[in-house]
Amino acid sequence: MTDTAMLAPSTPSEPAPAEKKELTEALLYLDAVTVTFDGFRALNALSFTVDPGEMRAVIGPNGAGKTTMMDVITGKTRPDRGDVFFNGGTTDLTKLDETQIATLGIGRKFQKPTVFENHTVLDNLRLALKGQRRALPNIFHRESAAARERIDEIFETIRLTEHRERLGGALSHGQKQWLEIGMLLAQDPKLLLVDEPVAGMTDAETAQTAELLREINANGHSVVVVEHDMTFVRDLGVRVMCLHEGSVLAEGTLDQVSANERVIEVYLGR
Ligand SMILES: Nc1ncnc2c1ncn2[C@@H]1O[C@H](COP(=O)(O)OP(=O)(O)OP(=O)(O)O)[C@@H](O)[C@H]1O
């Protein structure tokens, strides 16, 4: 080794001690994540962490990069640069595909509900519990007591106990959203990513959705919720992060973030 090499500082990619602590304690760790589409930076050195057991709300104007952020976490989009780690830095998500990431315990709820409309609410949940949505004819065989108990618990959480024998297609829009959240819960994810869950819901459904997500979070699931509805975000009562042009513009309580002049300028004051 030459003298120059011995004197060279540690490589820039090696995290500083404080960052290392953040990495090992975080459930989800993004550092300087950049995604470019045809020269346009959808994510621009995006960095944030989610702690185990934390629920976080993500707000921001259209095109801020919220969907791209979720695409990166779930392996749908590969970042050009940056680190994405799960489980206290043990798992590099940029090396895994979407199925592997889902298996690790990251569940994603897209904006539009996708339930089996011609099957009962109960069968929708049974299928999810079995983790084999395509094996429709085989689901009615023996079901363990533990599975039945889990189904009952999930129905309580998603407020559909009274609706289990109805067809999926007969539920209201809000109830379909809850059913799909229940189907994700059946996979017992460590981290749940939820994209605009209350769009199109009634005020009552919106309020119940905040309650339902708080319960899910209190039961040990970390949650990241992207949402534009500020009443709902206030009801969640969690840390808020505002994205703008692919980076974190502000982070803190909803009151702190809403008082930020840049946030008012680019988002709230529209
Ligand atoms: N596959 C793609 N090809 C080209 N540009 C893309 C692609 N996906 C996203 N973009 C662009 O990247 C930017 C970020 O988009 P993204 O969907 O992540 O924003 P968003 O915050 O989710 O917006 P919204 O609130 O409207 O859903 C936008 O300008 C979008 O047009």
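Which residue with a positive phi follows α8? I looked this up in what is a predicted model, and found that G220 comes after the helix, with a phi near 105 degrees.

I then went back along the helix itself. α8 runs over residues 203-218, and I noted that its 16 residues reach 23 Å from the first C-alpha to the last, close to the 22 Å expected at 1.5 Å a residue.

Next I asked which residues of α8 are buried. I listed T209, A210, L213 and I216, and, looking down the axis of α8, I saw that these buried residues fall within an arc of 130 degrees, so they line one face of the helix. On the face of α8 turned away from the buried side I found the exposed residues D203, A204, E211 and A218.

I also checked what covers the buried residues of α8, and my list includes the strands β3 (55-59), β7 (191-195) and β8 (222-226), together with the helices α6 (145-157), α7 (173-185) and α9 (230-236).

Last, I turned to the ligand. The residues around the ligand are F37, F40, A42, G60, N62, G63, A64, G65, K66, T67 and T68, and I sorted this shell into four nonpolar, six polar and one charged. Both β2 (40-50) and α3 (66-73) supply at least two residues of the shell, while the largest share, three residues, comes from α3.

Note on methods
Residues numbered from 1 in each chain as written. Predicted model: local features only at pLDDT ≥ 70, side-chain atom pairs only at ≥ 80, totals over all residues. Near = placed C-beta within 6 Å. Helix = DSSP H or I, 4+ residues; strand = E, 2+ residues; numbered from the N terminus. Nonpolar A, V, L, I, M, F, W, Y, C, P; charged D, E, K, R; others polar. Expected span 1.5 Å × (residues − 1). Buried ≥ 20, exposed ≤ 12 C-beta atoms within 10 Å, placed from the backbone. Arc of directions from axis to C-beta. Contact = placed C-beta atoms within 7 Å.
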